[in-house]
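Hi,

Here is the structure I promised to pass on. My notes follow below it; have a look whenever you get a minute.

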Amino acid sequence: MKICAATGNPGKLAELRRILEAGGHEVVSQKELGLDLEPDETGTTFAENAKIKAEALCRASGLPTVADDSGLCVEALDGAPGVYSARFCGHHGDDEANNDKLLAEMAGVPAGKRGAKFVSAVCLMLPDGRNLTCLGECPGNVAFERLAGDYGFGYDPLFIPDECGTPEGKRPNAEGRSYAQLTPGEKDAISHRGRALEQLEAQLPGFLAAE
């Protein structure tokens, strides 16, 4: 299937393309289609925002479209930044400022109380209006400082997942590596977005066959 990836975020696009192409799909970005469109994310849930983006880009592109809305939910912050993850610092898309604010908010939170999870809602919208949304989560905790690596974007240097991927499946992240320190394969196997897309791929045949 040829799919439009509804995102202008290079890191997110790379993950969507990598995972969807591994499933046999052809992925074209909204930029490659000449679509400079950023729908207002007015939803109060990840699923609502994913559908808003998928619907708008599907209408503009005429192609089946996948959109992801995702964020970091921190227990000590009552689930924040949540759906506001990309604009936690007060404006959209400033990764460094968002990470700075998260570290400041968590400054007095001790080890053992820094639990968090990344959540992803992935929506596939078809030109006929049918749509399918799948959710994925990855539990972990917030680091005390940036654990930068060769990969990742957003909050990845601050998020330590409980697991990491292996060629055989998954294993505990005993080394305490951040998302940014995991290779793409290690991350895709356990990430919130990887898990949501895995569900989407499993449900896709039945969804497409249904009238």
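**Around D69**

D69 sits in strand 3, which covers residues 65-74 (helices, H or I of at least four residues, and strands, E of at least two, are DSSP runs numbered from the N terminus). Before going further: this is a predicted model, where local features need pLDDT of at least 70, side-chain atom pairs count only at pLDDT 80 or more, and totals for chains, interfaces and linings use all residues. Residues are numbered from 1 along each chain as its sequence is written, and side-chain values use heavy atoms, with hydrogens and water left out.

UniProt lists D69 as "active site", in an unreviewed entry; its positions are in the numbering used here, feature names are shortened, and annotations may be inferred rather than shown by experiment. D69 counts as buried because its relative accessibility is 3% (buried is under 20% relative accessible area, exposed over 50%, partly exposed in between, with a 1.4 Å probe and protein chains only). Leaving aside residues up to four places away in sequence, D69 touches E41, T45, F46, N49, A50, K53, V119, S120 and A121 (a contact is heavy atoms within 4.5 Å). With K53, the D69 side chain also makes a side-chain polar contact of 3.2 Å (a pair of N or O atoms within 3.5 Å; within protein, one must be able to donate a hydrogen and the other to accept it, and residues adjacent in sequence count only if both atoms are side-chain atoms).

**The chain as a whole**

The chain has 5 helices and 8 strands, in the order β-α-β-α-β-α-β-β-β-β-β-α-α. The C-alpha trace spans about 50 × 40 × 30 Å along its principal axes. Of the 211 residues, 48% are buried. Among contacts with a separation of 6 or more, 59% are between residues 24 or more positions apart.

**Cores**

The largest nonpolar core holds 19 residues, and L72, V74, L102, M106, F159 and Y179 have the most contacts inside it (such a core is a set of buried Ala, Val, Leu, Ile, Met, Phe, Trp, Tyr and Cys residues joined through side-chain atoms within 4.5 Å). Strand 3, helix 3 (95-105), strand 4 (115-125) and strand 5 (131-142) each give two or more residues to this core. Another core, of 18 residues, lies apart from it and includes L13, V66, L126 and L132.

As for V74, its contacts beyond four places in sequence are G79, A80, P81, L102, M106, G115, A116 and V142.

Cheers
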